[in-house]
Amino acid sequence: MADKNTRFLVVDDFSTMRRIVRNLLKELGFTNVDEAEDGQVALHKLKNQPFDFIVSDWNMPNMTGIELLKAVRADPQLRHLPFLMITAEAKRENIIAAATAGASGYIVKPFTAATLEEKLNKIFQVLGK
Amino acid sequence: MSEFAGMEELLQDFLLESSELLSDVDNKLVELEKRPNDKALLNDIFRGFHTIKGGAGFLNAAPMVTLCHRTENLFDMLRNGELQLSPGLMDAILDATGEVREMFGRMGQGLMPASAPQALLSALDNALAGGAAAAPAVNPAPAAPVAAPAAQPAVSQGPDWQQLHSAVTGQTLPAAQPQMAPAVQPAETAAQPAVVAAAAAAVQPAATQRPSPAKQAVASAPAQAENTIRIDTHRLDQVLNLSGEIGLTKNRLTTLRTEILQGNAEAHTLRSLDEAISQLDLLVGDLQNAVMKTRMQPIGRLFQKYPRLARDLARQLGKEVELVITGEETELDKTMIEDLNDPLVHLVRNAVDHGVESTEERIAAGKEAQSQVHLSAEQVGDHIVISITDDGRGMNAEALRRKAIEKGLIDAETANSLDEKQSLQLIFLPGFSTKDQISSVSGRGVGMDVVRTNIQKLNGRIDINSIPGQGTRISISLPLTLAILPVLVVRVCNQPFAVPLAMVREIIPIEQASMQEVSGKPTIVVRDEILPLKTLSGLLGWEPTQKPAFGVLMQSAEKSFILAVDSFVGRDDVVIKPLENIRPRGVAGATLSGDGAVVLVLDMEDLLKPQEASAQASRNLELLAL
């Protein structure tokens with residue numbers, strides 16, 4: 001089972017959405033959650049504080065989720081971090097783009113705590129191997 | 001019973017944040033009309049709808065998801081150059097934002113939004129289909145609304161899109177897990193259809209044709225009572241700090257009290273007491289300020305609704321108007337911002353409808369075809385001044401006077417005695433409307449008199465300046481906050497009264513020699529201005545106990561007069577407590593003075609109203625001639 005102390009970073013420009021994700025994570029027992037309002041802020045936080053898991057929206061100003069993903073994967077300190085991409089779209093090219101850039105998972109809005117849990121578990125499973 | 005049970009807080013957050021986002025989108029749409037190919041703008045608008053859709057999905061507001069989804073797709077095509085913006089399309093998009101705003105209104109009342117009008121969805125679908133460039137949006141096409149295949153997801157480019165969509169949206173376990181594996185198997189299709197598509201399909205049949213599409217978004221949307229406020233954490237910290245310090249000072253005072261009660265009243269103890277109290281004085285002042293600051297919001301939140309309003313109205317009237325906004329960062333008390341909306345909507349409409357000439361008239365007068373209406377806010381001292389300036393035809397004093405006589409608001413004799421400035425004030429009279437035909441836009445039964453009343457309720461003032469042929473400027477001057485009222489405390493018959501300092505222009509001594517009688521009423525000439533003299537005791541209906549020694553030169557809206565009082569106590573910042581159950585004439589409320597005495601705060605407007613409100617005409621005359 002996943003460590004309930006996993007430190008999450010939730011990245012979204014819409015604060016309501018950050019709150020939703022935070023609440024869903026809380027429902028699943030994860031209370032160690034920090035937030036960032038776009039890729040740039042997220043990257044700054046990632047470089048200065050320890051995190052175990054990134055949950056990021058795709059579409060954001062300044063630095064999008066996919067740009068953040070690429071930056072994370074290119075950083076030797078951060079490249080190992082699991083990265084769950086949130087998006088409203090389920091377009092083939094989006095999914096492929098996220099997968100190619102190295103996303104650990106992909107979740108489509110709106111989702112329930114159960115869906116999120118399932119996606120997280122899938123990722124933890126892969127990590128555990 | 002709310003249809004969002006268990007999600008109320010989330011709903012509040014969503015509505016607050018999304019409404020701001022939508023206003024932003026509205027303004028960007030107005031911008032977009034000028035620069036239809038601006039990629040950054042298209043991107044921002046796309047993201048706006050996208051974000052709202054995402055949030056609405058979590059709230060299960062399917063109709064909103066459907067509508068935003070289509071609009072978003074439209075912008076995706078626009079930014080990719082697959083579609084060109086046409087006026088018809090623009091109308092459909094603007095209608096869509098209006099509709100979203102209506103949905104916010106419903107959600108604000110705890111109701112699930114109804115489906116968007118079928119005509120609007122069809123118009124968006126048509127545009128998405130790449131077909132009819134000019135989607136007939138404003139007046140929905142009578143063509144059968146069934147035309148658009150509703151259940152089909154809006155953009156279907158690849159044949160397996162829907163499969164992929166359902167594959168990824170799958171909520172049950174066997175649904176695809178497209179993690180890591182670069183090859184996403186479209187084959188692993190879950191049985192259930194995509195959430196969005198399903199929602200759309202479910203809602204479609206219920207779609208009812210609403211009588212009128214959301215045309216006047218800003219005005220018609222039900223007023224959402226915002227009962228939450230966003231505060232900069234820095235400001236909250238300040239409040240916390242100050243209350244902490246006040247706590248410390250209180251401890252100090254408690255210690256000193258014990259010492260004094262024990263009989264230790266030495267000089268240095270008393271000095272410490274004095275110091276502690278001075279410090280408390282300072283801290284409480286700071287705390288009041290800091291608390292007040294938490295209620296301050298940038299007025300831009302309000303202003304950002306108007307470019308769209310002006311644009312829609314101008315288009316409807318066939319005029320070219322640009323609304324220029326400055327000073328949107330100016331801060332004002334939250335409640336005032338809310339109460340200012342109606343008056344400002346009215347003034348912006350007035351400027352566009354009455355102030356600005358038709359394009360032909362402008363060209364004939366040698367002006368630019370496009371007119372500018374300037375909406376600005378700035379802080380001047382402890383006041384906020386908001387002004388609306390147009391470069392239109394200006395007001396004609398003579399025409400105003402004629403109109404007022406025609407309407408029976410004043411008689412010819414009064415009209416002749418009015419100067420230019422006083423004539424402009426005529427528009428504030430109840431029942432005054434300068435246009436012969438009441439147009440659908442401005443003549444809604446709400447006149448300038450209501451605007452003025454609303455501004456006065458906020459302890460504000462409204463002034464007009466107009467130059468015929470060059471334009472009109474209406475300025476509203478407001479106190480920074482309603483919570484704390486600066487007053488001048490005066491004394492009459494040995495009782496203190498507080499009058500709002502905002503109305504006080506100056507204080508003059510009353511000398512018998514300077515008094516004159518004009519048509520039987522006492523007046524004083526101050527710098528060539530003849531001002532009526534009213535004794536406060538007289539207004540209160542009391543017998544004067546002594547001859548008034550001082551006059552307070554007061555100004556409210558357009559009328560100035562001198563209020564005669566016995567003496568002064570000084571100026572003070574007070575918090576008005578309303579009187580429960582009783583409402584004496586001319587009294588706004590009560591407050592406590594420094595020595596614990598009750599001081600009545602006067603409502604000058606009310607006090608000045610003639611007691612026997614007999615004929616409307618005489619009242620009007622009074623209003624003007626005062």
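User: Which residues does A:K109 touch, not counting those up to four places away in sequence?
Analyst: A:K109 touches A:D12, A:M17, A:D57, A:I86, A:T87, A:A88, B:G54 and B:F58, leaving out residues up to four places away in sequence. Contact means heavy atoms within 4.5 Å. This is a predicted model, where local features need pLDDT of at least 70, side-chain atom pairs count only at pLDDT 80 or more, and totals for chains, interfaces and linings use all residues. Residues are numbered from 1 along each chain as its sequence is written, chains are lettered from A and ligands numbered from 1 in the order in which they are written, and side-chain values use heavy atoms, with hydrogens and water left out.

User: Is A:K109 buried or exposed?
Analyst: A:K109 is buried, with a relative accessible area of 8%. Buried means under 20% relative accessible area, exposed over 50%, and partly exposed in between (1.4 Å probe, protein chains only).

User: What does the side chain of A:K109 make a polar contact with?
Analyst: The side chain of A:D57, at 3.4 Å. A polar contact is a pair of N or O atoms within 3.5 Å; within protein, one must be able to donate a hydrogen and the other to accept it, and residues adjacent in sequence count only if both atoms are side-chain atoms.

User: Switching to helix α2 of chain B. How many of its residues are buried?
Analyst: 16 of the 20 residues of α2(B) are buried, so this helix is largely enclosed by the rest of the structure. Helices (H or I, at least four residues) and strands (E, at least two) are DSSP runs, numbered from the N terminus.

User: What is at the start of α2(B), and what follows the helix?
Analyst: At the start, a side-chain oxygen of B:D38 comes within 3.0 Å of the backbone nitrogen of B:A40. B:N60 follows α2(B), and its phi is positive, near 60 degrees.

User: Now rings. How many aromatic pairs over all chains?
Analyst: Ten. In one of them, A:F14 and B:F14 have ring centres 6.3 Å apart and planes at 90 degrees, so the pair is edge-to-face. Rings of Phe, Tyr and Trp (its six-membered ring) pair if their centres lie within 6.5 Å; planes under 30 degrees apart count as stacked, over 60 as edge-to-face and the rest as tilted.

User: Where do those two sit?
Analyst: The pair crosses between chains: A:F14 is in the loop between β1 (8–11) and α1 (15–27) of chain A, and B:F14 is in helix α1 (residues 8–34) of chain B. Both A:F14 and B:F14 are buried.
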